[in-house]
Amino acid sequence: MTMQVGKGVSATGRVALDAPIFDPVAFRLNDEQTAIIARAREIGQTVFAGRAAAHDRDATFPTENYRDLHRVGLLGIAIPKKHGGLGVDYQTYALAAAEIGRYCGATALTWNMHVCSTLWSGPLADDLDMDAAIRAEHERRRAIHYKRIVEDGAIYSQPFSEGGAAAAGGVAFGTEAKPVDGGWVVNGKKIFASLAGHADYYGVLCTEVEEGEQASRRNTLYLAIPAQSKGVSVVGDWDPLGMRGTVSRTLLFKDVFVSEDAALMPRGIYYQAALRWPHMFLTLSPTYMGLAQAAYDFTVRYLRGEVPGMPPIKRRMYPTKQIAVAQMQIKLEQIKAIWFQAVTEAQANPSKEQVLRAYAAQYSVMEGANELATLGIRTCGGQAMLKSLPLERVYRDSRCGALMLPWTAELCLDRIGREALYEAGESDD
Ligand SMILES: Cc1cc2nc3c(=O)[nH]c(=O)nc-3n(C[C@H](O)[C@H](O)[C@H](O)COP(=O)(O)OP(=O)(O)OC[C@H]3O[C@@H](n4cnc5c(N)ncnc54)[C@H](O)[C@@H]3O)c2cc1C
């Protein structure tokens, strides 16, 4: 196979590896980060890329990719080292996920749901306020979840969407957890639940409601419900435009009992995180950063006659092709710059400027990835949009990014406009 930008070879020595999206020297990454991100890139390019078309065609979940992620330690990428994980920070995870997204969008997006259960309960929760007893209890509980992932390869998902206003952050989740002896009884419904039927635990966002109490967002719980629990069912089909391998079917919970150890975060901590650690919602973007790079990589290779299995197509001498590639490169660098800055400055209590930049980064990546794929198809032409080549899948997968709550492209525009013009509490009355 001919690769345009070979930098090193795969562990098997057979494939010339693509250059990283973010050059470690130019972007000042340390050796440990560089090695972990390279591990993600190598498995993405050499293993996941080859399986992506079949999972997309059949809308099947890439179970074997998860076995591979476990084998190379990436299932536990954000689990603290003392619990057996790789212990990476937010930025390193984001850069690794972008490399996976470059080769298989569905794997990267579902891996994000899994990793968030450890990132939010791990480094992110460490930044939040808890008293010593609650922190000790959280430490004991999260160790249970981390052990399952590190030792057994358990897969976690993250269903929060319900079809109402809750996923956008407007109201309390309609899925309710009633406290009972030793745990909770959960009832509710989640739509677009990626990994439905394939995760071992569903990391459900729900509202703790005592008998006769009003539901409140402050009482949001984050519970890892075992997939095999009595009362859990997966319904409906999944035949969407893109991200078909995510298998995001509907989950129903009918009087499901879960024990107290199912809590991925203590009471009140998800609410605190949503207020104080807003970059937690930017984690859907790395997948699409990778897709943006994939659209560009493909277009350059195609015009250079380097796509495996395609005859050389002599088109790169035309100025229109060169201008289109120049526009793509400029767009890609713009996306990379703002996104890298946003994922690098993710932290507790960001400034207003940092929050607005995070929305702008999310918008730029989600809309930009699809703009690049659109331009790539127009520029390469008809033969490049056949399903035998990855550009067509990148085009469909990238269209999904702007729809992802809570930071859809529309809601990002909404928030930037409002928060730039009004300080907290200000009104025109
Ligand atoms: C491939 C894929 C995988 C997914 N995986 C998961 C998953 O694993 N877990 C999960 O929880 N969800 C997941 N989602 C769900 C996703 O976040 C949305 O919930 C889903 O796309 C359905 O949302 P909707 O567009 O129908 O929402 P609606 O709430 O009906 O929104 C429709 C549009 O209206 C706009 N809108 C919504 N609320 C407001 C508002 N208050 N003000 C102004 N505009 C508003 C938004 O721009 C939105 O795009 C996934 C979605 C996709 C496409």
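User: Where do helices α9 and α10 sit relative to each other, and at what angle do they cross?

Analyst: Two packed helices are described by the angle between their axes and the distance between the axes. Here, the axes of α9 (residues 352–380) and α10 (residues 390–399) come within 8 Å and cross at roughly 150°. That makes α9 roughly antiparallel to α10. Angles under 35 degrees count as roughly parallel, over 145 as roughly antiparallel, 65 to 115 as roughly perpendicular and the rest as oblique. Axes are lines fitted to C-alpha atoms, for helices over the stretch in contact, with angles running from 0 to 180 degrees between N-to-C directions. Helices are DSSP runs (H or I, at least four residues), as are strands (E, at least two), numbered from the N terminus.

By the way, this is a predicted model: local features need pLDDT of at least 70, side-chain atom pairs count only at pLDDT 80 or more, and totals for chains, interfaces and linings use all residues. Residues are numbered from 1 along each chain as its sequence is written.

User: Which residues make the contact of α9 with α10?

Analyst: Two residues are in contact if their C-beta atoms, placed from the backbone, lie within 7 Å. On α9 the contact includes Ala369, Ala373 and Ile377, and on α10 it includes Leu391, Val394 and Tyr395.

User: How do I read the pair α3 and α4?

Analyst: Helix α3 (residues 90–101) and α4 pack at an angle of about 165°, with their axes 9 Å apart. That makes α3 roughly antiparallel to α4. Among the residues that meet are Tyr93 and Ala97 in α3, and Trp111, Val115 and Leu119 in α4.

User: Which residues touch the most other members of the largest nonpolar core?

Analyst: A nonpolar core is a set of buried Ala, Val, Leu, Ile, Met, Phe, Trp, Tyr and Cys residues joined through C-beta atoms within 7 Å. Of the 124 residues in the largest one, Tyr93, Val186, Leu223, Ile225, Ala292 and Ala295 touch the most other members. Helix α4 (residues 105–126) gives the most to this core, with eleven residues. Leaving aside neighbours within four places in sequence, Tyr93 is in contact with Ile77, Ala78, Val88, Val115 and Leu119.

User: And Asn187: is it buried, exposed or partly exposed?

Analyst: A residue is buried if 20 or more other C-beta atoms, placed from the backbone, lie within 10 Å of its own, exposed if 12 or fewer, and partly exposed in between. Asn187 has 18 within 10 Å, so Asn187 is partly exposed. Asn187 is found in strand β3 (residues 183–193).
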